[in-house]
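Student: Hi, I have a structure open and would like to talk through how some of its parts sit together. Could you help me read it?

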Amino acid sequence: MYDYDLLVLGSGPSGQKAAIAAAKLGRRVGIVDRRDMIGGVCINTGTVPSKTLREAVLYLTGLSQRDLYGSSYRVKDEITVSDLAARTQHVIARQTDVIRNQLARNRVAMITGTGRFADAHTIWVDGGSGRESRVTFDKIIIAAGTRPARPDSVDFDDRTIVDSDGVINLQAVPRSMVVVGAGVIGMEYASMFAALGTKVTVVERRDRMLEFCDEEVVESLKYHLRDLSVAFRFGEEVAAVEKHQTAALCILKSGKKIVADTVMYSAGRQGQTDDLALEAAGLEADRRGRIAVDANYRTPVDNIYAVGDVIGFPALASTSMEQGRLAAQHACGEPIREMHGLQPIGIYTIPEISFVGQTEAQLTDTSTPFEVGIARYRELARGQIVGDSYGMLKLLVSPDDGRLLGVHVFGTAATEIVHIGQAVMGCGGTIDYLIDAVFNYPTLAEAYKVAALDASNKIRNITRIDG
């Protein structure tokens, strides 16, 4: 007789959903995590704080209203870290309460501490009191998450040199900042601090940023960030960072030197598996701390599953939640459907980027014919109302049957309205549906009708000439 039918290590998005899904199926479920990390990295240092910080920045700087009220418009002249932290801490506290209540309502036992394997059916839990307790289980789901990768050559002090988790705890808004890495997290923070007036320099060893995104969208983002005085150093690597009394000196391999108040590293993520004693359960992780799983999220040890960031790509809160639910159902012997292949990507830069489906480059590489339909926010009444003159929605359409092949959005509410395109694509819909549909007016969603008409007219012109 085990203590639990299913035990979950980690209370982040994947761990929560796994625990609740198993509890709904009548299993005895426990979830292990530290008292100060309920909700995981997502709630405490990652997704939720960073997106809340973004909202605070947008509101206090008045950035999104400057098209209407002029480039000098600001809600607050002197924005302090405490201004930003107040909103962030409020949201974290509320979300933590929500998670605790959800777990309690579903009778999921909360085990406070950190766990390590004793064998494939037992873990030791260190609650911080100096004594470990023994917990047994039939099946277990590892949802331990990740932490920012820290190069060994860099002396992080969480003040001058920080990682993407520590940047939300800065004591003051820096006057200048170097962001090392032009991935999703790096570009999100670069745009936020640029909006606050920080002079930002982005250093990236590759030739472009956000390589998986639509090139036209990335160029638009780059234009807007340069307008906020962001400097880009592509094809460059940081050789060393020297801490001085008042600032840091960033030395690039090319010999360039950059002085900044703060250096933020965004060099990928590392799975938090070092302290799990995986070998005691017959498991191992790769050099990035990731655990290999099959299509049902089961590891090579039959009763052990792993989900979320700790298994690698795509490492998104949205996909992690679904992985947790599916793993729990499989562990409980329930029939499951595979996760849908159409998964939207949302990037919370300023302005936002979101897309679903394929890019122009991918379609071109596979010699797939497509037509492009574009709607610009400045042509929509709602775009004028919200003061967004730069936003755009792009539809990639099959000229043969009108199916949507990709949807790419840049601008206000991009991460919200992309789901309309996702739904149409998921149901096998065509642009005819968007052309014939009636959208509320005035809305940004109308962009779908405008872009669909644009693509349809182009296809009609080709058909008229080419027969």
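Tutor: Let us begin with one pair of residues, keeping in mind that this is a predicted model: V179 stands opposite V202 in strand β10.

Student: OK, and how many bridges join β9 to β10, and which way do the two run?

Tutor: There are 5 bridges between strand β9 and strand β10, the latter covering residues 199–204, and the two strands run parallel.

Student: Is β9 buried or exposed?

Tutor: Strand β9, which spans residues 176–180, has 5 of its 5 residues buried, so it is largely enclosed by the rest of the structure. Both of its faces are covered, with S176, V178 and V180 buried on one side and M177 and V179 buried on the other.

Student: What about S164, where is that found?

Tutor: S164 lies in the loop between β8, residues 161–163, and β9. Its relative accessibility is 6%, and because buried means under 20%, S164 counts as buried.

Student: And which residues does S164 touch?

Tutor: Leaving aside residues up to four places away in sequence, S164 touches T45, P148, I185, Y189, M264, Y265 and R269.

Student: Let me switch to helices. How do α3 and α6 pack?

Tutor: Helix α3 and helix α6, which is made of residues 184–195, pack at an angle of about 25 degrees with their axes 9 Å apart. Angles under 35 degrees count as roughly parallel, and α3 and α6 are therefore roughly parallel to each other. The crossing in which α3 passes α6 is left-handed.

Student: Which residues make that contact?

Tutor: From α3 the contact uses S50, K51, L53, R54, V57 and T61, while α6 brings E188, Y189, M192 and A195. Sorted by class, the residues in this contact of α3 with α6 are 5 nonpolar, 2 polar and 3 charged.

Student: How do α3 and α5 cross, then?

Tutor: The axes of α3, residues 47–61, and α5 come within 9 Å and cross at roughly 140 degrees, and α3 and α5 are therefore oblique to each other. This crossing of α3 and α5 is right-handed.

Student: Which residues meet there?

Tutor: On the α3 side they include V48, P49, T52 and L53, and on the α5 side they include D83, L84, R87 and T88. By class, the contact of α3 with α5 holds 10 nonpolar, 2 polar and 3 charged residues.

Student: And α1 with α5, at what angle do those cross?

Tutor: Helix α1, residues 13–24, and helix α5, residues 81–105, have axes that come within 10 Å and cross at roughly 20 degrees, and these two helices are therefore roughly parallel to each other. Their crossing is left-handed. In this contact, Q16, A19 and I20 of α1 meet I99, Q102 and L103 of α5, a set that divides into 4 nonpolar, 2 polar and no charged residues.

Student: Last topic, sheets: what is the strand order in the open sheet of 5 strands?

Tutor: The order is β18-β19-β22-β21-β20, and the pairing is antiparallel. The edge strands, each pairing on one side only, are β18 (345–347) and β20 (371–376), and from one strand to the next the twist averages 10 degrees.

Student: Which helix packs on the sheet?

Tutor: Helix α7, residues 215–227, packs on it, touching β19, β20, β21 and β22, and its direction makes about 5 degrees with that of β22.

Terms used
Residues are numbered from 1 along each chain as its sequence is written. This is a predicted model: local features need pLDDT of at least 70, side-chain atom pairs count only at pLDDT 80 or more; totals for chains, interfaces and linings use all residues. Side-chain values use heavy atoms; hydrogens and water are left out. Axes are lines fitted to C-alpha atoms, for helices over the stretch in contact, and angles run from 0 to 180 degrees between N-to-C directions. Helices (H or I, at least four residues) and strands (E, at least two) are DSSP runs, numbered from the N terminus. Angles under 35 degrees count as roughly parallel, over 145 as roughly antiparallel, 65 to 115 as roughly perpendicular and the rest as oblique. A crossing is left-handed if the near helix is turned anticlockwise from the far one by less than a right angle, and right-handed if clockwise. Contact means heavy atoms within 4.5 Å. Ala, Val, Leu, Ile, Met, Phe, Trp, Tyr, Cys and Pro count as nonpolar, Asp, Glu, Lys and Arg as charged, and the others, Gly among them, as polar. Buried means under 20% relative accessible area, exposed over 50%, partly exposed in between (1.4 Å probe, protein chains only). Two strands pair if DSSP finds at least two bridges between them.
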